[in-house]
Amino acid sequence: MQTIHGFSPSQQTLTLFFRLPSATKKNPLYSNNNNNNSSPLPIPPLIRRNSTNNKSQNLSVKPNLKRLTSRIVELTRRKQLHQIFEEVEFAKRRYGKLNTIVMNAVMEACVHCGDIDSAFRVFQEMLMPESCGVDSVTFGTLLKGLGEARRIDEAFQLLESMEQGTIVGSPKLSPTLIYGLLNALIEAGDLRRANGLLARYHFVLREGGPSIQMYNLLMKGYINAGFPQDALTVHDEILRKGLKTDRCTYNTLVFACVKSGRMDSAMRLFAEMKDEAQKIDRHDLFPDVVTYTTLLKGFGHAKDLHSVLTIVMEMKSLHDLFIDRVAYTAIIDALLNCGSTKSALCIFGEIQKQSGGNPVLRPKPHLYLSLMRTFALRGDYNMVKSLRSRMWPDTAGVISTAVQVEADELLMEAATNYGQVDVARQILSNIVTKWESMSWTSRGSMVAVRVEALSGFTRSTFSPYLLPQVSLDDPIETIMRPFEEARPLLANLDVKNVPMRFFRDEVVPIIDEWGSCVGIVHREDCNQLNTSLSSVMRSPPRVTTSTSIGRVIELLLEKRYKMIIIVKPPYEYGQTGGYRSNLRAVGVFTSEQLFKLAVPQPVGQEPCICRTST
């Protein structure tokens, strides 16, 4: 879910760093009067500036800012933002002014934790008189944060001000800044705006000629959007332009082949990497741990045990290849998918042994869940119970609520498959009491239905709902609402032009002047009448017409989407040398439609999930 702010970002944050004629004299960024109460983003107490007297008393203390920066990076990985602010405040009281490197690390922590408003407050403080100032890293971090927070209009306005030279610090547009925002957009799956960014600032990226980095990001975008085959089209363009491919290019192409199920093509690229590296003596082209991990995932999904074992043997034969925690996890996942449980346990024991001397190899909770899923399916209750009990002391990182819930559900599944129905029922009762709910899309919900059925549905703690009109395996196009009936609005309209529409509809699709769906607007985002729909719209979640109804329902419930756009694939390569989306919206499916399909189970009726296909 995106964070909903109580004010319009495009109107509140721009006054922080633009030299607007009407605001230059009043904005605290351009005067020494720091008591101005009109600042839209006041500096929180944790980053207040110390007095001059306090700083003079601490001049004798030698700053150790490298240790502070390392500490901030460590806390950032743990997402302990509040602790970071506390330690930075303590460092200010001790040393006085901190340098730009430290404050950039604090901004990166804010972005990593998804708190873009705190990042803006840190940015504002860095711009104040006698502060450390800003550099290109500062602006790059801010652009990345805006992209990840979906505040794209502010990011574009920031770039435009940098281009016009009207921004404090006079930073210059560079490919690094553009690529940072482009990567954030691609990670968010917003290909439409990613292509718009490339079209708008094409001149910056082309200063030194075509860049392989741009094409690598484009391929990554198509893969993230669910169209890995289109990444191969980008590869054809790379070859036509005569660009030199790097290891990232090959790894992205291998990943695209794996996502497409084309393992033969992936292995050809794998062999090509080694041949090219030897032919032109470029060691940076040799496959790395990312390449091997990607292949392992592909062969594991294909249940090709022979190929998995071949890859593992090759990895262990390379003395200069460090097999990290992610690679070990991929090996075990692949072996489990291929049904080789004994081999997986051998590798698991190897990780446990090596992690004693190298803590960075300590497994994540995901690895324990993978093993628990396999043994739960086999009904090995004691093994699942043992893994569950060891997950807390033996894993690295935070064990999230979702992981804890699944661990409990797997223990219930193991007890059920072992024939201990009473134990499984007690675990189910504990789950409902502890977590207060259970998602019907989870694996545990199916086990809960089995437990209820084996118990004769007596003293049931659930209130079942039926979907009598649909089959979950049917394509969504059979029940979708035609796109025209959703009455989309034009993106260039203001909220004040269509206020009653949002009184009636909770979410509305948005189209451009060519009729293409470019976003959706939620009622709660329309908090200012003078705001245009394009500035508050979100990227629309899309699925193709062949997607199953069950999958769409899972997205609505898991991601809490209110509307999903149904489209016709695929992407096509444009004649002008650019890439354009050819996804035509043909329908919508909303949470409101789902609620209308679901009906409560009548008292006394035999429980069922949905109708069977005929």
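At what angle do helix H7 and helix H9 pack, and how far apart are their axes? In this predicted model, H7 spans residues 136–148 and H9 spans residues 175–187. The two helices pack at an angle of about 20 degrees, and their axes lie 8 Å apart. Angles under 35 degrees count as roughly parallel, so H7 is roughly parallel to H9. The crossing of H7 and H9 is right-handed. On the H7 side, the contact is made by Ser136, Phe139, Gly140, Leu143, Lys144, Gly147 and Glu148. On the H9 side, Leu177, Leu181 and Ala184 take part. The residues of this contact divide into five nonpolar, three polar and two charged. In general, an α-helix has 3.6 residues a turn, so residues three or four places apart point the same way.

The protein as a whole has 614 residues, of which 47% count as buried. Its secondary structure comes to 28 helices and 11 strands. Among contacts in the protein with a separation of 6 or more, 63% are between residues 24 or more positions apart.

Helix H16 covers residues 289–301 and has 13 residues. From its first C-alpha to its last, H16 reaches 18 Å, close to the 18 Å expected at 1.5 Å a residue. H16 is mostly covered, with 10 of its 13 residues buried. The buried residues of H16 are Val289, Thr291, Tyr292, Thr293, Thr294, Leu295, Leu296, Gly298, Phe299 and Gly300. These buried residues pack against four stretches of the chain: helix H14 (247–260), helix H15 (263–279), helix H17 (305–317) and helix H18 (325–337). H16 is followed by Lys303, which has a positive phi, near 60 degrees.

Thr69 is placed in helix H3, which runs over residues 65–77. Its relative accessible area is 15%, and buried means under 20%, so Thr69 is buried. With neighbours within four places in sequence left aside, Thr69 is in contact with Ile101, Val102 and Ala105.

Methods. Residues are numbered from 1 along each chain as its sequence is written. This is a predicted model: local features need pLDDT of at least 70, side-chain atom pairs count only at pLDDT 80 or more; totals for chains, interfaces and linings use all residues. Side-chain values use heavy atoms; hydrogens and water are left out. Axes are lines fitted to C-alpha atoms, for helices over the stretch in contact, and angles run from 0 to 180 degrees between N-to-C directions. Angles under 35 degrees count as roughly parallel, over 145 as roughly antiparallel, 65 to 115 as roughly perpendicular and the rest as oblique. A crossing is left-handed if the near helix is turned anticlockwise from the far one by less than a right angle, and right-handed if clockwise. Contact means heavy atoms within 4.5 Å. Ala, Val, Leu, Ile, Met, Phe, Trp, Tyr, Cys and Pro count as nonpolar, Asp, Glu, Lys and Arg as charged, and the others, Gly among them, as polar. The expected span of a helix is 1.5 Å times one less than its number of residues. Buried means under 20% relative accessible area, exposed over 50%, partly exposed in between (1.4 Å probe, protein chains only).
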